[in-house]
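Dear colleague,

Please find below the structure I am handing over to you. My notes on what was found in it follow directly.

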Amino acid sequence: MARVILRRFFKHKLAGIAIAVLVFLVFASAFAFTTPYSPTDQEPTNSFQKSNMDHFFGTDELGRDVFTRILYGGRVSLTVGLLSTFLSIALGVLIGALSGYFGGGIDSILMRITDAFLTFPTIFVLIILGAFLREQQVPWLKNSVLIVIIIIAALSWMWPARLVRGLFLVLRERDFVTASRALGGSSSHIIIQHVLPNCIGPIVVSGTLQMASAIITESGLSYLGFGVQPPTPTWGSILATAQNQVFRAPWIAFYPGLMIFITVMAINYIGDGLRDAFDPYVIHIEK
Amino acid sequence: MKLKFLTLFVILGLVLSACGGGGGGNASSGGTVTLIIPEEPTTLNYFMSDAAIVRQVADATSMTGLATINEKGEYAATLAQELPTLDNSGLSSDFKTVTWKLREGLKWSDGKPITSDDIKFTIEVLSNPDSGALSGTSGFDLISSIETPNDLTAVLTYTEPYPGYLNQFAYGLLPRHASGEPADMANWEWNRNPVGAGPFVLSSWASGESLTLTRNPNYYEAGKPYLDSLVFVIVPEPAAQTAMMLNSEAQFQLWPGEFKVDYDALLKGKATQHLIPGIWNMAIDFNLSAPFDGDPTAATPHPILGDIRVRQAIASAINYQSLQQDVLKGSVSDSTNPFAYGWYQCDLPRKFGFDAAKANQLLDEAGWVMGTDGIRVAKGALYAKDGTRLSLELQGYTAFDPLQLTEEFIVENLKAVGVEARIQNYDFSIIFGTFEDNSPRAISDYDMLIFDRGFTTEPQDYNFDAYHSSRIPTAENPTGGNYFRWVNPQVDSALVAAGSSFDTQTRKDAYCKIGQAIIDDLPQVYLYLFQDNYGVADNLDGYVLSTWGSMSWGAQNWKYK
């Protein structure tokens, strides 16, 4: 079965390429230290250089090498983007699946919790949290990427949860579920083996959207006093500060935007591949 | 043939768009000017807010006072016939009685007469502790009685001589008949729909979008304003603002995000960026008392910054020239002390200019030896335990690009001499919050704080609050503004001297003494003075940009070329 899924996945050529691109981005960020510059080295007399052989992506307003900053920025942005999306989707799918499959009391309780989270005014929750963390005199906690990941996931799992619940409500009434139940399939078997694979498509789409917004949200968090502080680069923060220079140096905004775009596209194609790979109809035909 | 028609259309289009750019082709008077502001004012009542944006709009409508401050920083009479001085007996010889005389025939924008009773009412409001006023209340508590012998005359008696007596009435007059109870000022309908004495009247306010002001038919200067209306559009995004100027959709832009050289090149033939000396003075404040010890007083010195040699080293590590010219592209001017503009300007040289070798030497002497990771550690330092890293938090407020650039630049400067500065930016509301809100600077929980500050033509209250040793914020004294916890008896007496004299030179000398003490003692390091920048369409005429005014100050004189 696993081999079938893997074969199906790599049959989707773009998915294969997307995996390669994502792996490349992760490695490039991990090996960012191999560039001749440091992400914080400044040369103010050499600011706003266009792309050239010394600075592939040009330089920013402080004369820092944009290429190096993009590579280092990938560390935070990819970590936050991938992990917070994964966490949010995992939690969302779990809650959505339980809620949609079992219905009744469980559904009511879980969905009211979801609704409660949806009603939180995000910005105020963040401000209160920021104030709380500020008073804990633990710098690593205040500025840790882990906190950022948890916060973003905690404020975004509700959408996949609602989505998955909706899908489960429809799918659990389908004949193949009834059949599996008649054959004595346990709830966990039915959920994992039969219903979930049919939901992969929409889940992936929602995940892709969340990934992009997580990368941007990360830079927004540092505006509220927690999260990653300057001068540590992230794609979101490079993009945010570049906005004011858009007439003078549009390339500074272009490159982080491009990286976010490439990452999101890669995730999308990987998602496409996953959907094909898990597609129950195809798996059964091939078996 | 087709091509010819096309050419004709193009030419016609160009001609039409050239006309449409401004006041519909109207040569000298009439027309509408669109002004871009980055955020919406919450009120048009200057006294009810401390946000700079309020005056940008209110100066053209609600906020016309007895006097104004002109572009030279001098007072000029507006609604008053003349400024009360010793020479015209408007100011009594004991400096305690001030007589204001209104011009004859003045009317509010609703047609009702402006009388001395409105002066009385304004004082009643601003001296009322329950009014909720946040700005412009200085000295009103010193007015003990107000006589109005006739409709044009108000005689004010002060409990003690108050040098800022002109400044008090330079911001606006409130109409008794059209406002409300003094204690209820926060809820006045007037705040969002004012009856004023300014050149324009608010005609519509589309929340989040725009404010439209039309000509005030009762404006006191005959024949003015020249324009029919002003439209303030709210556009937060700097690039979108400049795009509006590019498309001639607006004629006046507040604080453009681009440097002048880029702006002028981009908008050539359409608009020009004007730089005028501003009042916003960027400085790093040092906390001289120990942070995070639950004690906001100056009792315990800061383990690192308590040693003046460390502060001197930090001052010597900063490359001011490069910061001003390379990083901020000359959009700022040098500044060494708070008194960097106005009649009290003190041109004092830096004692600790950029000299990295000197900075290293000072730190060596102060018992901070270079560590293995390039950051110094204490070994025989004055207050810090051996092994303490020379690591300091640098706080600032978020979402202001020049501030962040400055922080990032200084972090590198300090790193070069073995000092680690960790940027920690908070929202505006946290940095400038109150003692009760646990704002870090109020409760002494910070190391270094960088922000821009400024004061107006009457500097006494601000500076007394910032530098007098009695103004150190504590639980008993939560509104104090001496966030450095700086205690300097000479400064204390200079502040008292500056506040008790009517002689400009005496006052200036006292302020310069304080400026010099700041340079010597380094409770803060001044970095640069912002210039105010405005983008103005090339076809607009008659405007005067002033350090002391807002974008709409003097809008009654604007017209299209």
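In this predicted model, the largest nonpolar core comprises 74 residues, and those with the most contacts inside it are L35(B), V57(B), L79(B) and L230(B). Leaving aside residues up to four places away in sequence, L79(B) touches T64(B), G65(B), L66(B), L102(B), R103(B), L106(B), I114(B), L173(B), A197(B) and Y220(B). There is also a second, separate core of 73 residues, with V327(B), Y341(B), A359(B) and F484(B) among its members.

In chain A, helix α3 (residues 66-102) packs against helix α8 (residues 158-171) at an angle of about 35°, their axes being 7 Å apart. The crossing of α3(A) and α8(A) is right-handed. On the α3(A) side the contact involves residues including S88(A), G92(A), G96(A) and G100(A), and on the α8(A) side residues including W159(A), L163(A), G166(A) and L167(A). By class, the residues of this contact are 13 nonpolar, six polar and two charged.

Between the chains, 21 residues of chain A are in contact with 28 residues of chain B. The chain A side of this contact consists of eight nonpolar, ten polar and three charged residues. For the complex, the predictor gives an ipTM of 0.84 and a pTM of 0.81.

As to confidence, chain B has a mean pLDDT of 90, with 95% of its residues at 70 or more. Over residues 1-27 of chain B, however, pLDDT stays under 50; the model has 16 contacts beyond four places in sequence for this stretch. Where pLDDT is low, predicted coordinates should not be read in detail.

With kind regards

How values were computed
Residues are numbered from 1 along each chain as its sequence is written. Chains are lettered from A and ligands numbered from 1 in the order in which they are written. This is a predicted model: local features need pLDDT of at least 70, side-chain atom pairs count only at pLDDT 80 or more; totals for chains, interfaces and linings use all residues. Two residues are in contact if their C-beta atoms, placed from the backbone, lie within 7 Å. Ala, Val, Leu, Ile, Met, Phe, Trp, Tyr, Cys and Pro count as nonpolar, Asp, Glu, Lys and Arg as charged, and the others, Gly among them, as polar. pLDDT is the predictor's confidence in each residue, from 0 to 100. Axes are lines fitted to C-alpha atoms, for helices over the stretch in contact, and angles run from 0 to 180 degrees between N-to-C directions. Helices (H or I, at least four residues) and strands (E, at least two) are DSSP runs, numbered from the N terminus. A crossing is left-handed if the near helix is turned anticlockwise from the far one by less than a right angle, and right-handed if clockwise. A nonpolar core is a set of buried Ala, Val, Leu, Ile, Met, Phe, Trp, Tyr and Cys residues joined through C-beta atoms within 7 Å. A residue is buried if 20 or more other C-beta atoms lie within 10 Å of its own, exposed if 12 or fewer, and partly exposed in between; C-beta atoms are placed from the backbone.
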